[in-house]
Structures are given as structure tokens and as C-alpha cells.
Amino acid sequence: MDAGQALTAIGTLTRAGIASVSADVIFALPEALESDPLGDTERLLEFELDHVSAYGLTVESGTPVAKWTQRGAVRHVADDVYEEEFLRLRGVLTGAGFEHYEVSNYAKPGRRSRHNSAYWTGAPYVGMGPSAHSFDGETRRWNLRDWAEYSRTVAGGADPLAGQETLSPTERLLEQWYLGLRRAEGVRVPQGGEPVGPALDAAVGAGWLEMEGPVIRPTPHGWLRLDAIITSLTTSAEGG
């Protein structure tokens, strides 16, 4: 499906009276693909959607784009181009009344994704089916991936568990930071900033994070560097 077909499908849904429609926009595509994410986003706004997700391209192994890249037929966009497209898309969507409430997600007031927000806030959830993950607040578990093996296991009355992990207190804290900094609400800093005070100070000084009382939030430039911020927090927490 190309952009034109996607826009046609969205138009069909909205004309049919579907109350809530969300669309995804992919930016930072190789120049050779001649994409126009900003133009596509502006056309999406004509449908008066209440939710839009904007994702920078991630090249997965085995995909056509990965093969083109390996052959040298296309090149990844430069970091400055990625940043520019991210910020321009953000400007278009927030200018149209959308809240930038998570690093990749925008919603009209009151129309945030409740499903995904449960993951970002660390709420317990149950996953059913092959590869499905579940979380009870402390332990995360996942089911067998292969459908045939999953089906045989369930039919035999056994648990289709493939693996599980229980997070340590430090791992839980860092995951709360990672999920919290993905969201516009940010996270509440522990008293004294432990165990990641120095890393926080550096990120604030760089303009990647901002503090309001005990709460620290990402700036738009900080969202672009979220992985680097979390890496520095992890190193600080581990005493590196």
C-alpha cells in the first residue's frame, strides 16, 4: 500500500462515520524513495483525525530497503535530516491542535491511546497467543513464538511459557525512567537524584531534559536523543 492508497482508505473510514481513526506517518526515508512525509501529514489533517503516530524509519534485516542499502542503491538519511523532519512534523501536528504526548505519538485533547499508554505507565497487562507478553508489575513473561508448538502445548494443557524475567530494583527504576521519558509528563526525580544524579545534570545542561520542581521532562531535542540519555542513566546507576 502506498501513501495514496492509505489516504483513500482513511477517507473511506471517515466518510463511513468511524468515530476514531489513527494514522501512521513514516519519516526519514531514503531520498531515493522520493517520499514526502510533511506533505502526507498535511493531507492527513484534512480528514480531521484525532490521533497520528510519526515514526522515523528503522531498517529491519531482510526487508527490501535493507537489501537496497546493502547494495548501495539507497542511503540512510543523515542525523541532521532525521532531526529536521522530526521537528518539522512536530510543528505541523502541534500547530494543528495535537498534543505531542509520547515521543512518536500525537493526539487531540482527550484522544490519547489508552492501550499503548498502559505499557508506557508500567501498568500490568496480560497477553494471549503466540509471542504474547504479560507483565504483573514485577515479572515479565512471554509465550512460545511458533504457532504449531504453541498450539500443541496449549492443547496438551500445558503453559505455553517460553521465558520470563523478574526485574531487579535498579532495572525497574531504569525502566520507569525510560518509559517515563518517552512521555510528555516525564518522571518524578528521586530525592537527591539517586542513583542517576550526575547523568541527569548533564542531560539538563545539554538542553535534552528540563526540570519543573521534582518532575523532569524531555525536550523535543531530548526525545531525539532518548537512547543516549538512557545509556548515560544506566551507566550512572551501575556506577560506571
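Q: What is the strand order in the open sheet of four strands, and how do they pair?
A: The order is β1-β2-β4-β3, and the pairing is mixed. Strands here are DSSP runs of E with at least two residues, helices are runs of H or I with at least four residues, and both are numbered from the N terminus. This is a predicted model, in which local features need pLDDT of at least 70 and side-chain atom pairs count only at pLDDT 80 or more, while totals for chains, interfaces and linings use all residues. Residues are numbered from 1 along each chain as its sequence is written, and side-chain values use heavy atoms, with hydrogens and water left out.

Q: What makes β1 and β3 edge strands?
A: β1 (22-27) and β3 (99-102) each pair on one side only. From one strand to the next, the twist of this sheet averages 25 degrees; axes are lines fitted to C-alpha atoms, for helices over the stretch in contact, and angles run from 0 to 180 degrees between N-to-C directions.

Q: Why do β1 and β2 count as paired?
A: Two strands pair if DSSP finds at least two bridges between them. β1 and β2 (residues 51-56) have six bridges, in the parallel sense, so the pair meets that condition. S22 stands opposite H51 in β2.

Q: Which residues of helix α2 are buried?
A: In α2 (residues 37-45) these are P37, L38, G39, D40, T41 and L44. Buried means under 20% relative accessible area, exposed over 50%, and partly exposed in between (1.4 Å probe, protein chains only). The cover over these residues includes α1 (3-15), β1 and α4 (79-95).

Q: Why is A28 called buried?
A: Its relative accessible area is 7%, so A28 falls under the 20% limit. A28 lies in the loop between β1 and α2. Phi of A28 is near 60 degrees, a positive value in a residue other than glycine. Most residues other than glycine have a negative phi.

Q: Is E48 buried or exposed, and what is its phi?
A: E48 has 70% relative accessibility and counts as exposed, because the limit is over 50%. E48 is found in the loop between α2 and β2. Its phi is about 55 degrees, positive although E48 is not a glycine.

Q: How many bridges join β8 to β10, and how many join β9 to β10?
A: β8 and β10 (residues 215-218) pair over two bridges in the antiparallel sense, so this pair meets the condition of at least two. The bridge partner of V187 in β10 is I216. β9 and β10 pair over four bridges, also antiparallel, and E212 stands opposite V215 in β10. The hairpin of β9 and β10 has two residues between the strands, and G213 there takes a positive phi near 65 degrees.

Q: What share of the contacts in the chain join residues at least 24 apart?
A: Among contacts between residues at least 6 apart in sequence, the share is 56%; contact means heavy atoms within 4.5 Å. The chain has 10 helices and 10 strands, and 36% of its 240 residues count as buried.
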